[in-house]
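Please look over the sequence and the model shown here before reading on. The paragraphs below go from the whole chain to its parts.

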Amino acid sequence: MTMAARHSLTLADIYPVWDCDEDDRLICRAVYAETHDIKTFVFAPAEPRQFNFAPGQFLNFEFPVGDEGVIRSYTIASSPTRPFSVAITVKRLPGGIVSNWLHDHLAVGDVVRAVGPLGEFSTWAHPSDRRLFVSGGVGATPLMSHVRRDFDLGEDPDTLYLHFARTPKDIVFRHELELMAFRRENLKIAHVVERADDERFWSGLRGRFSPQLIATVADDLLEREIFCCGPAPFMAAVRGYLASQGFDMRRYHEESFDFEALPAAEQEAAPPPPDETLRTYEITFAKSGQTIACDENTSILAAARLAGMRLPASCTRGLCGTCKSRKLAGEVEMAHAGGIRQREIDAGMVLLCCSQPRSNVTVDR
Ligand code: FES
């Protein structure tokens, strides 16, 4: 290499950007506890690569759980300013297949697969110099990525970080946030707990999300861009309150991959019965042996739900990849939003939530 060529090298030449289409394997590099039931898992590729993502984005992971593996979306908690690894922070959920597997089995050196980054739950997509970050439980992760980024870059936008937890020992990232807030004038942290029985001298706020509480903490609420992440009922409460206050909901953004709430979400998302004026096709599920009808304007997932079937799904928007299935026969029209790769499509995979039949179809479910 000549001297001139060496001088023209950029960081991207030395450490290329991670491309999941090139190699989707990530190695677990570190595991550490954040609280008594929340752990952070750090991943990096085998060769150094830079992750190119906006704070608030997520990855679709495939974990080797069971015979077929399980796909789950996790928002990135680490900052894009530290681009050589990504971290996810996961709470152990009672009965949660993936969260328990991660806590009990995933160890340093293990390999998982991931696709992304994806998503628009980010100040990058919705810029504002006055933000309210509101989270419940481990919903803090995408917001933490933002706070870490701002801190690393020496930026100090007006940010109110409002977090709800059960008790003080359940507050995730507590000490790191307090340290950052100590060093930044415009970063304000408000932790709210339901009970403080595990911390004798708790002097912070107590309660659950309520109009009174939020009015106390954020009296300039209506002037802020609001980013909310947490369990589905929590976000519904925040959304309902803001709408009742005449908040411009175009300035409200939320994100959740609440797999525990799946049955309720399925009921909520139940589509109307098939329209008989449309072309209707037969969808056969090879493993269960079930055959259902699905019209040309309905997704296979929606028709399956209407028929009472339980299939894995989360976002229902073609984004998270949870409903990915192998198509054994037939034609579909699929309008996905990044939750599947071209090479998977070429290999016969489809996302059932955004695939409408164009013939009789058989899927490997
Ligand atoms: S449910 Fe998320 S891609 Fe289908």
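Predicted model: local features only at pLDDT ≥ 70, side-chain atom pairs only at ≥ 80, totals over all residues.

Residues are numbered from 1 along each chain as its sequence is written.

The secondary structure comes to 10 helices and 19 strands, where helices (H or I, at least four residues) and strands (E, at least two) are DSSP runs numbered from the N terminus. For 365 residues, a compact globule would have a radius of gyration near 21 Å, and the protein agrees with this, having 22 Å; the radius is taken over C-alpha atoms, and the globule rule is 2.2 Å times the number of residues to the power 0.38.

The protein is divided into domain 1 (9-118), domain 2 (130-261) and domain 3 (269-363), with bounds that come from an automatic or database domain assignment. Between domain 1 and domain 2, the C-alpha centres lie 24 Å apart, and 20 residues of domain 1 are in contact with 19 residues of domain 2, contact meaning that the C-beta atoms of two residues, placed from the backbone, lie within 7 Å. Strand E1 (25-35), strand E4 (70-75) and strand E5 (86-91) each supply at least two residues of the side of domain 1 that touches domain 2.

The largest nonpolar core has 54 residues, and those with the most contacts inside it are Leu59, Ile76, Leu143, Tyr161 and Cys228. Such a core is a set of buried Ala, Val, Leu, Ile, Met, Phe, Trp, Tyr and Cys residues joined through C-beta atoms within 7 Å, and a residue is buried if 20 or more other C-beta atoms lie within 10 Å of its own, exposed if 12 or fewer, and partly exposed in between, with C-beta atoms placed from the backbone. Strand E8 (residues 158-165) gives the most to this core, with five residues. Because domain 1 and domain 2 both give residues to this core, it lies between them. Apart from this core lies another, of 20 residues, among them Ala302, Ala304, Ala313 and Val361.

Leu143 also belongs to helix H4, where it is one of the buried residues. How many of the 13 residues of H4 are buried? The helix is mostly covered, with 11 of them buried. Just after H4, Gly154 takes a positive phi of about 75 degrees.
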